Amino acid sequence: MQQASGHTIKAFDEDIERLRALISQMGGLAEHSIGEAMRCLVERDVKGAEQVVADDKKLDGLEVEAERRAVQLIALRAPMAGDLRDVVAALKISGVVERIGDYAKNIAKRVPLLENAGKIEALSLLPEMARIATGMVHDVIDAFIARDADAAIRVCQRDDAVDDFYDSIFRTLLTHMMENPQNIGQATQLLFVAKNLERAGDHATNIAEMVYYAATGEHMADRPGKSPR
Amino acid sequence: MDMKEKQPITPTTPVPTTSSAIAAEAKAKGPSTAEQGESQMRDGVAAHSAAEQAAPLVDVSKLENVQDASDEQIKTNREPKMSADRVGVFYGDKQALKDVSIKIYDDLVTAFIGPSGCGKSTFLRCLNRMNDTIPSARVTGRIELDGDDITSSSMDVVQLRARVGMVFQKPNPFPKSIYENVAYGPRIHGLSKSKTELDGIVETSLKRAGLWDEVKDRLQESGTALSGGQQQRLCIARAIAVNPEVILMDEPCSALDPIATAKIEELIHELRGRYAIAIVTHNMQQAARVSQRTAFFHLGELVEYGKTSEIFTNPRQQRTQDYITGRYG
């Protein structure tokens, strides 16, 4: 159902919009962090990776702020129906986005450990996988801001591609490890990176379900192409 | 994917490179070890099998059934206590209510909400023919109480109002003693044969209205000497005293402070099950708190009627959404 016009109490609109803007900001940061972490990984940029780790603090701070605002909004404005679903979704999404930020941090932390390792094939697949995962994060936050349930469904459908990448990278790395035990160290690190990206995609899917519920009041039941987790 | 997670890369024979990789992994985790470990657990097979072995703490599917059972049984297995079929009300030429059809069930509190002048009070007053007292008012359509048409001229209105009691916005006790306020109805309806029996009715009614403990030592004091909240509960006791089947409440708390309001709401909760209750309220939070069904009126029409939990989380009609989220007008 559309939010036809503004509230009679204008400050209510401002409160909700401020909360939604915060979620948008968090989504942007998380998306940027994953992209940066991957760039640092490929370019062996240890300095840049340290920055990504440090930047995660910002995301943590924003999550606390989003929670504070959401709780305050519920207490002071007693939101109903679509407003209530919006606020609850924002509260939940902020937690999930913070989590996605943690995956970026986790990827960045592996950069110094790989600084002197030679590049292996999987490293060329990972950035593409990251591009899809961050694209999902980007689009699902956009769907939240636009209250677009269809866009949320489309994000869910892309999760399969991320899962396929994960499977492919897993097999590639396994081959490398079997061929040459010298590769096991690096391959293990890269496997964790792939896993982090796969989790980021899953979380984007979870957010999509929250967006769908907030926008429609219905649960996105048994969405097509759902992967077992 | 589960298949692959079952083959983690931990060879049985330790290889130097592997252990160094594990050490590096631990280092990479750094301060967020617990957090990452938890995530792996959640993803991993270990978490799944552990969950399967443990007895389920809460069976969600059963929970939902329990919650809905009371509601749905009433919907499917029982006749409505009252049912209105295409009810319209005219004040002179002006139509105040258009084609309202609604069913009110035993065991459920039904709340009528909507902006001022939307017809919710008008409709409530149809249910015990209070509109008869307004000379220019004319009611069309059919209203049934247990299947009998209450709008027919053969209906005994005094009897009807004993079966369908009413509590008003402003507490309106008689300027008589507390005892007499409650005893009046049973006495004129001939519900008691003796003084002892009447005493019993007064006590039971005051107890059900949650007022007994506060007034039992001063039953002969004037009802108007009580506080606003107590007066309202006295009015409820007065309505209960004649053994009604339905209780109509027209904004029963709008003249009361939050504590007195909470007491009335608690009372409504306790009375539910014994009487069918319909309540008109301007306070949407109150409708959400006390009712199981909510009807939204707007411009004389019934816009939406459904489960309270649905109306306040996921209304179907745009007008309902706009009203309850504070966007109306």
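In the predicted model, the largest nonpolar core comprises 146 residues. The members that touch the most other members of this core are A37(A), A133(A), V140(A), A208(A), V211(A) and I277(B). The element that gives the most to the core is helix α7 of chain A, spanning residues 184–216, with a contribution of 16 residues. In soluble globular proteins, nonpolar side chains tend to be buried together.

Apart from its neighbours within four places in sequence, I277(B) is in contact with V109(B), I247(B), M249(B), I268(B), L271(B) and R272(B). Chain B, to which I277(B) belongs, contains 15 helices and 10 strands. Of the 329 residues in chain B, 36% are buried. When contacts in chain B between residues at least 6 apart in sequence are considered, 68% are found to join residues at least 24 apart.

In chain A, attention turns to the packing of two helices. Two packed helices are described by the angle between their axes and the distance between the axes. Helix α2 of chain A (residues 46–77) and helix α3 of chain A (residues 81–110) pack at an angle of about 170 degrees, and their axes lie 9 Å apart. As angles over 145 degrees count as roughly antiparallel, α2(A) and α3(A) are therefore roughly antiparallel to each other. By class, the contact of α2(A) with α3(A) has 13 nonpolar, 8 charged and 3 polar residues.

A residue of another helix, S33(A), is located in helix α1 of chain A, which covers residues 10–43. S33(A) has 26 C-beta neighbours inside 10 Å and therefore counts as buried. Beyond its neighbours within four places in sequence, S33(A) is in contact with V52(A), D55(A), D56(A), G101(A) and A104(A). By contrast, the C-alpha atoms of S33(A) and V71(A), which are 38 residues apart along the chain, are separated by 27 Å.

Regarding confidence, chain A has a mean pLDDT of 90, with 93% of its residues reaching 70 or more. Over residues 224–229 of chain A, however, pLDDT stays under 50. For this stretch the model has 9 contacts beyond four places in sequence.

Key. Residues numbered from 1 in each chain as written. Chains lettered and ligands numbered in written order. Predicted model: local features only at pLDDT ≥ 70, side-chain atom pairs only at ≥ 80, totals over all residues. Axes fitted to C-alpha atoms, helices over the stretch in contact; angles between N-to-C directions. Helix = DSSP H or I, 4+ residues; strand = E, 2+ residues; numbered from the N terminus. Parallel < 35°, antiparallel > 145°, perpendicular 65-115°, else oblique. Nonpolar A, V, L, I, M, F, W, Y, C, P; charged D, E, K, R; others polar. Core = buried A, V, L, I, M, F, W, Y, C linked by C-beta atoms within 7 Å. Buried ≥ 20, exposed ≤ 12 C-beta atoms within 10 Å, placed from the backbone. Contact = placed C-beta atoms within 7 Å. pLDDT = per-residue confidence, 0-100.
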